[in-house]
Each structure stands twice: as structure tokens, then as C-alpha cells.
Amino acid sequence: MPLQGVCWFLCCRQGFSLLGRDYGEKEEEESFELRNKEDLTPNGRHTASESSEEMKSLIIEKNKMGQEEEPEQLVKFLLREVRGNWIKQRRYWFVLTQDSLDYYTGAEKGARRLGTLVLTNLCSVIWPDKQTYKETYWSITVYGRKHCYRLYTKHFNEAVHWACAIQKIIDSKSPVETPTQLLIRDIEENKFNPEVVEHIYQHNAILKYTHGPLYAPLLPFPYGSLEHTHSGKGYGSVREEAVKLFNCLQQLESAREPVPIIQGVLQTCLDLRPLRDEVYCQLVKQTSYTPSPNTAAHLRYWQLLTCMSCTFLPGPTVLKYLRFHLKIQSQSPESEMDNYASFISEALEKTKCRECVPSWEEIQMLMNRQEMLCTVHYPGPGSCQLYISSHTTANEVVRRMQEKLGLQESKNTFALYEQNALWEQPVTGSALVADILTRFEFSTKESESKSRCKLCFKLYCLLDADSISVDSIEYLFLFEQQCHEMVIRGQLPACEEDLQALAALRLQTLMGDFSTHAPCPPLDELFPGHMLETRVLVSLAAPQDVPPCQVAAQGCPTTQRFHTGLLAGTLWSHTATAVHKQKVEQDMRLRSRLKEEAAAVMTSILERWKGLAGYSRRDSMAAYLTIARQWSGFGCTLYEVDFYILQSSTGSFSQKLWLGVAATSVSLYKQGESEALESFPYGQICSYGVSDSNTFKITAGDRDLLFETTKLTEIMQLMNAYFSAIHRQRG
């Protein structure tokens, strides 16, 4: 039914000829639509006869355009932009049918059809939006196998109506299957008949290794669809990327260093999920019926297939096809292909989708079918080295570390932590250690050596501190993690005298008796630095001096103003210079006072250290823990939160507090104070969880407690762990 409104405009996309060359001219036996090179004119553009042939291959040709015979047709006079030395517009009659979008010389019967865009379920429509709004026109873009039409209208509703109509026809079409998909189905149906399978391979070159390029994907992807385009990384359409990936695969054969290419392919598959099955099919193709199967160049395909199998799982259909392919290759015992096929088969049983592509080191290990060596640190100077695979989880590493350190019978629980000099966070038990190491590799490239990340094995839930033996390594964990680390972070509320005593005991533990020749650690490894800064800032607190020019300005009558010009600019420049100079002097004075205070505190700590002569390492640690245990919140994990207090009269306001999560309760502390403001035993907590992106909510009795924090996931996981431990203890 004709639409009311202004005329529509149609222009050919600038990349029209490029689409024709990529997916028409070069589409030979690899193409699932089997178009021939002869269908194109020498300059690569499509003719009206070519459109007719394309129409015949997929739909019934309509020689005449009778609107009364097709009551469901959508028709409209449109303008088409013809590109040459300049752009000019010509008026054509466009018809949308159930099979295609056609345009004719006119609306009369018998009018000659000039072009056709065949509609299949692989076509795509870009709907009108503000980004495609051009002057006074709204546009929709229709992508076909060879053509791209862009329609223009002045009315948004008309553009949406055409887009809906075209999309409805596309959605009604049956799925298009490529020859590769049909052959995979044939192989699956005849997998128990070797002769039939052999016949399928011998008579279908698309399934076998090729030296030549690939001009179309092996699997169906939408034409020109931007749905899967990953913004910011320069990806084209999925079809374009599929063809590019096959070219990358072929480069492996001659590459001197294959790791960058392998890592690039894996990164593309991570960013563009639909390409994973495509790459698997391409690799199966390139490892089937290879002329020289045992050469190093050919084994590169097997090495990439190994990395893929440890990074992504293919879809069910491609997975069956891959397993059958591996089974065929494993019939050559004691060959390298057989070794890779066995390794890949085992990997597919364990693989989970990775968050990161494998690191350089991991790819090198996978190419040789070996495991990686991972260093895990624990409190104190100790560390362990463990062999891990691409499938090793954090829980497995924790269990192996407990076995190595003899902590299997501990009542407390442990976890892995990502840690550097500035921060740390626990690792979830199901996380893949290989992903963590990959993040470390990239962060090391981007940061300084002092902030390099490492993997640490530490206490997670302190359920029973009293039963820990003084001679056990778990006691060292308690000393280093629950005491010393909290002291350095300023999370142990204690007076300065106690903090200096703790620093002296720390020195006695590390160095033994006092000696003038012993290398002493820096103060920030013994004493909380924020206390020094607070003391100095308080002492320096005083009304800031006002520059003389500002004082003079304050004394002048408000009616007297300098005219904007050279004098005003000079005065402003002088004021800014004076303020900057004053700030520099204040910073220098602050640094000087900090050095003086640090020297005084260090002198006091050294004097206390001298008085500890004769204390053994065990005695020093016990004395340190005795002082730390005086705090009622000993053993809890502290998180800085903004606690929201709701009041009906004045609304709400927040207060910065510490949220302490312990074995039996959750408590609120004012920062720096030892006594809890409030404490909520787990038995009183009805529910807890994340209420929005950065707010944590705890319901205790009839009260709702709201906390704003960046540690939502960590708090949630720790409380879950404590609740699980309580349930286990209750049987």
C-alpha cells in the first residue's frame, strides 16, 4: 500500500564496489552462493543482467511489476544518487516484495527492472537514528550479499515503517546454510561409515587444506552487520574479520615468531564471540589432508588449535565435528599430530571460557604441551613454585599450598590474593590462575617495577585464633597478616606508645638484638605513616597569609576598578606568582617537618629496640600479638565505608566508618577508635547484599543499614564464607 508523504531518496553506498569485489568477484568454491567471476563487469560493478541472475538463483523472477497482483507489496517513488564526476539524483520506482527490494524505470506495467537486492535471513537493516540523520533526511541502510541500499526520507515515521517492513521479510526467511555446514552434517550422519566419510572429503575441497585465500566465511554471518563490531579496536564486520583471520592463519606457516599472531587471533575471538566457531572450522580445514603433515609449518595450525582449545569452547555442532576430526588424526600413533590431538581432546573436557587471552609464556608452554611454573608468595619472605595448566583454578592452588605448608587440618580458611605495593584483593575460588597471570603480564608492561603484581596465599577467614600453635607456620600468618599488615595500614587502633613498642618488637623479630651495623628497614615498614602526617598537619595548621595585593584590594572601595588591560593583567600575574610561591614554601616546610618527626620517632623506636635484648623471635612475635589482641576487633577484616544515616526531619547524611567483618559478627567502628559503635551478630542479620552499583545493604532486625563502598564484592564474598563456616560447624 503506498505511503503518504514526501519522496524517498536512495543512494548507493560509497563502498558498493568494494562489497562487490570482496563477496562477489572473489567468491569461488569457498562461496556458499557459488557465484562466478564472469557475473561481474570488468570494473567490478554489477549490471542489471547480474541482478536478474542473482534473482533467478534464489527466488522466482517477476518480469512485470503488477501492484494489483501483489497486494502485499510496498511501493514508492524514490530518488537514487548516481555517482560520477558529481552526484546527481534520478527518480526510480521501488518495490519491496516478499523476496527482494527492486527498482524500476517507472511505475507502469512492463517497466524495466534496473536492480535487485535479494532478501535472505543474512541481510541486515540499520535503523534510522541521529547519527545517520543527514540535513533534513532520515536514512535506513539495507545490506545484502552484493548491494547496500541507503534510503532517505524527511519523516522519521516513514523511515521506521520501511525498516520494519524490510526487517519483517528478513526475519521470515529460512536460515541460510553454507556448504561447510551441510558437509559437517553429512559427516556427522555417516561418521560410522569410513568409506562415505572418505568420499565426502575427497570430493569437497572446501573441507581440506588449501594454499589459496578464503574469500567468504565457512559459516554464515550477517551481511554488513555492525552488531558485533567492537568499538575502539578497529574491527570491521564479522564477515570481513572471518576472512582476515584465515589470512592470519596462513601467515603462521612462514612466521619466524608465531606467538604474536596466535595471541592476535585469540584476542579477536575473545572480542568477537561469533568468530570462535569459524576459526575452529578454519583450523580443522587446514589440518585435514595436508600435503606435508609433519613439517614445522603445518604443526603451527595444531599449536593454534591447542591454544584455542584451552581458551574457548566451540558450539555443540562444531564441537562434535572437532572431536571426530581429532579421532581421525589420533589413528596415526606416536606422531606429533596424534600427541596434539590427544592433548586437545583432554583440554576440551576441562576448558571454561577465559576472561583474558593466554599470556606470551602460556602460549609458548601450550605450543610444547607443557605446564607453566607459577610462584605463590605467603606471609613472610617465603614462596612456593607450582606447576599449573590453563585450567587450574584458585581453589586448586589453595589446596596444594595447604598441603605443601601442612595446613590441611587448620580450622581457618585460606585464599589467594592479587597484591602489589598499593593494593590487594582476594581471588574467587573458581577464577583461573592463568587469567590472573595474564593480567599480571599486561600490568607489568604498563607500570613500574615497584608496583608489580604477585600472587599471595593468605588467611581468609580467621575462625579460631586461639588454637594456633606458636611453633606452626600458621602462627606466622597470624603475626604477619592479622597484626603487622593492619598496623602498617593504620587499621589497628592503638596509642602512639603501643605503636612504637610494636615497631621495636618487629625489629627484634626481623633483626634480632640491636646492632649499629644491622640494616634497618624504613620507617614506613614499621610504623603507620598517616600518624606522622596527621601530627605535622595539625602543628602547621594556621590562618594562611594573605598576599599584600589581596589585602590592598580588600581595602579599596567597591566602586574603584582597574580597567581590563595591561595593568590588570600584570596585577593578576603578580598575585598568581605570589600564591604559587607561598604554596611551594608550605610544601617544603611540610616535608622538612615530616623528616624531623620521622627521625624523632625512629630514634624512640631504636631506643625501645635496645631494651629488647635477649628476646627470641618467638618471644617477640608473642609480645607483638599480645598487644594487638587488646583490641576487641582483633581478627576482623576492615573496610572503609560511607555509612548512611536516614532521618525523617533532615533527610540523610553519611559518615566515614570502618566496617569490620569477623567470625561471629559485623561491627561498625569510628576510624582510629578501638570500641565498636555497634555490633551485629550473624544471628541477628536477616539479609545482606548489593542494593545498587556501589551500595551494600544489611538488614538486622527491623533496621536497614546502607553502606557505600568500592569493596562490594569482597564484603559479600567474605560474609558468605563466614556464614558457610557457621553452617558447617553446626553440622
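Let's start with a cluster. Ring pairs link Y682, Y688, F696, Y722 and F723. Keep in mind that this is a predicted model.

How exposed are the two residues? Y688 is partly exposed, with a relative accessible area of 22%. F696 is buried, at 0%.

Now the wider picture. Searching the whole structure gives 17 aromatic pairs. One of them is F414 with F477. That pair is edge-to-face, with 5.8 Å from centre to centre and 85° between the planes. Where do these two sit? F414 is in strand 11, residues 413–419, and F477 is in helix 15, residues 473–488. So the pair ties together parts that lie 63 residues apart in sequence. Are they buried or exposed? F414 is buried, at 8% relative accessibility. F477 is buried too, at 0%.

Rings also meet charges here. K458 lies over the face of Y417, 5.2 Å from the ring centre. Then there is K208. Its charged end sits over the ring of Y289, 5.9 Å from the centre.

Last, a hairpin. Strand 16 covers residues 665–670, and strand 17 covers residues 676–681. The two run antiparallel, joined by 5 bridges. Which residue of strand 17 is the bridge partner of S665? That is P681. Between the strands there are 5 residues. In that turn, look at G672, which has a positive phi of about 95°.

Methods:
Residues numbered from 1 in each chain as written. Predicted model: local features only at pLDDT ≥ 70, side-chain atom pairs only at ≥ 80, totals over all residues. Heavy atoms only, no water. Pairing = 2+ DSSP bridges. Helix = DSSP H or I, 4+ residues; strand = E, 2+ residues; numbered from the N terminus. Phe/Tyr/Trp six-rings, centres within 6.5 Å; stacked < 30°, edge-to-face > 60°. Buried < 20%, exposed > 50% of the residue type's maximum accessible area, 1.4 Å probe, protein only. Lys NZ or Arg CZ within 6 Å of the ring centre and 35° of its normal.
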